[in-house]
Amino acid sequence: MIFELNEDQKMIQKMARDFADREVAPVAAELDREHRFPREIVAKMGELGLMGVAIPEEWGGGGFDTVSYIAAMTEISRACASTGVIMSVNNSLYSDPVYKFGNDDQRERFLRPYASGKKLGCFCLSEPGTGSDAAAQSTVAVRDGDSYILNGVKNWITNGNEADAALVFAMTDKEKGNRGGISAFLVEKGTPGFTVGKVEDKLGIRGSSTTQLVFEDCRIPVANRLGEEGEGFKVAMTTLDGGRIGIAAQANGIARAAIEAAVRYADERKAFGQKVHQFQGIQWYIADMATRTDAAELLTYRAAYLKDKKVRHSKESGMAKLFASDNANWVATTALQIFGGYGYVTEYPAERYFRDARITQIYEGTNEIQRLVIANSVVKEIIG
Ligand code: CAA
């Protein structure tokens with residue numbers, strides 16, 4: 001067992017960290033305050049290969065592996081969690097399934113420009129009336145000759161306002177439901193009947209856009225169906241197995257940033273004649289924050305390693321996301337506590353980490369759903 005990144009992985013980690021420190025961290029507070037989508041940063045990330053890290057170079061990606069992607073995601077999220085989720089959705093939830101389930105024509109049109117960062121993708125599974133129960137889709141796609149007619153509304157779509165194409169899941173056979181009744185479609189912005197609905201005003205990750213997407217009698221060529229008809233639920237679930245590792249990395253990045261900020265503050269701030277970090281109460285916080293975040297990273301890298309080995313990793317992704325997101329919330333709360341009153345105001349970044357961390361327990365499967373996935377696997381392993 002080797003607990004070390006290889007040379008390529010270290011190289012991309014360093015490149016992402018340098019870029020994040022130089023170009024992302026300095027604007028993170030402004031992106032949050034102004035609710036501004038960082039177009040210029042996303043464009044540069046594309047040039048650096050960060051928008052399709054684990055997609056082969058022949059399809060416009062960086063040509064690295066999932067472990068490299070996770071290392072880079074952590075660094076970008078350490079600087080700005082909003083930029084982190086924009087990157088994560090384009091990498092894990094859009095480019096990865098188009099590469100894995102697409103044919104060469106689809107990869108040419110729907111992957112190359114996206115993995116290279118020239119265009120942006122999004123993933124549309126949840127709806128106003130269904131999130132955790134992903135199979136209870138109301139969106140329908142009805143076959144009409146060489147096309148499908150798509151009708152429905154998708155909710156909580158990261159990159160919804162900015163994306164050039166959407167990976168959309170819809171019911172093609174209600175009777176079959178999650179066992180062959182759902183199909184996946186690639187829908188380009190500008191397709192008649194495809195519009196952006198409500199833009200959400202969020203607690204955190206305010207530099208990323210989250211919207212409804214509306215499909216009204218939207219005609220999609222059969223050539224834009226990703227995978228076979230009825231294969232959509234499998235596409236969605238395997239994609240989320242990968243996506244959850246990305247969100248775990250986002251949570252770890254937030255936790256790292258919160259620890260660093262709290263330790264620096266505890267070094268500047270004095271009370272009762274000594275630096276705050278010289279008090280045992282604060283030392284214990286620092287020790288627990290660092291230990292738990294190391295544990296979260298180990299779980300996250302294990303899941304990424306299994307994905308690279310093409311081993312089913314639903315349980316391990318669920319564990320990584322569950323543990324890392326709970327940890328990021330605890331670390332951000334504790335960091336805020338170390339800052340005292342200064343943690344509660346926008347002068348320091350502690351309150352932003354606290355707000356940004358919260359979503360990691362909710363999206364790409366709530367932590368209650370992660371527990372369900374983990375428990376089902378554990379029971380199957382033991383009982384059969
Ligand atoms: N990989 C491969 N196949 C899988 C699978 C996986 N991870 N999970 C399920 N399947 C297969 C099952 O094997 C089964 O097929 P068979 O009968 O042939 O074996 C079939 O799919 C149905 O499985 P289940 O009965 O377990 O399905 P379910 O309807 O009970 O749902 C669930 C299971 C885990 C609860 C699932 O619905 C789920 O993950 N829900 C959460 C959805 C989610 O994460 N949403 C987030 C949306 S993205 C987002 O957050 C927005 C954003 O932009 C960031």
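Predicted model: local features only at pLDDT ≥ 70, side-chain atom pairs only at ≥ 80, totals over all residues.
I12 makes contact with L50, V53, F64, S68 and A72, leaving aside residues up to four places away in sequence; contact here means heavy atoms within 4.5 Å. Residues are numbered from 1 along each chain as its sequence is written, and side-chain values use heavy atoms, with hydrogens and water left out.

I12 sits in helix α1, which covers residues 7–34. Helices (H or I, at least four residues) and strands (E, at least two) are DSSP runs, numbered from the N terminus. With a relative accessible area of 0%, I12 is buried; buried means under 20% relative accessible area, exposed over 50%, and partly exposed in between, using a 1.4 Å probe and protein chains only. From I12 to I41, 29 residues along the chain, the C-alpha atoms are 17 Å apart.

Now let us follow α1 to another helix.

A cavity is a set of points, on a 1 Å grid over the protein atoms alone, where a 1.4 Å probe fits but cannot get out; a pocket is an open set with protein on both sides within 12 Å along at least five of seven lines, and lining residues have an atom within 4 Å of a point. The second largest cavity holds about 40 Å³, where a volume is the space filled by probe spheres set on the points, and grid points are joined across faces, edges and corners. Its lining has 6 nonpolar, 1 polar and 3 charged residues. In this count Ala, Val, Leu, Ile, Met, Phe, Trp, Tyr, Cys and Pro are nonpolar, Asp, Glu, Lys and Arg are charged, and the others, Gly among them, are polar.

The largest cavity has a volume of about 110 Å³. Its lining has 13 residues, and nearest its centre lie Y69, N91, S92, D96 and K307. Helices α3, α4 and α7 each give two or more residues to that lining.

There is also an open space to visit. The second largest pocket has a volume of about 650 Å³. Among its 18 lining residues, I2, F3, E4, L298 and Y301 are closest to the centre. Helix α8 gives the most to this lining, with 7 residues.

What about the cysteines? The whole structure has 0 disulfides, a disulfide being a pair of cysteine sulfur atoms within 2.5 Å. For C80, the nearest cysteine sulfur belongs to C122, 19 Å away. C80 is buried at 3% relative accessibility.

Our last stop is a hairpin formed by β2 and β3, with 2 residues between them. Strand β2 (residues 140–144) runs antiparallel to β3 (residues 147–158), and 5 bridges join them; strands pair if DSSP finds at least two bridges between them. R143 has Y148 of β3 as its bridge partner. In the turn, G145 has a positive phi of about 65 degrees.
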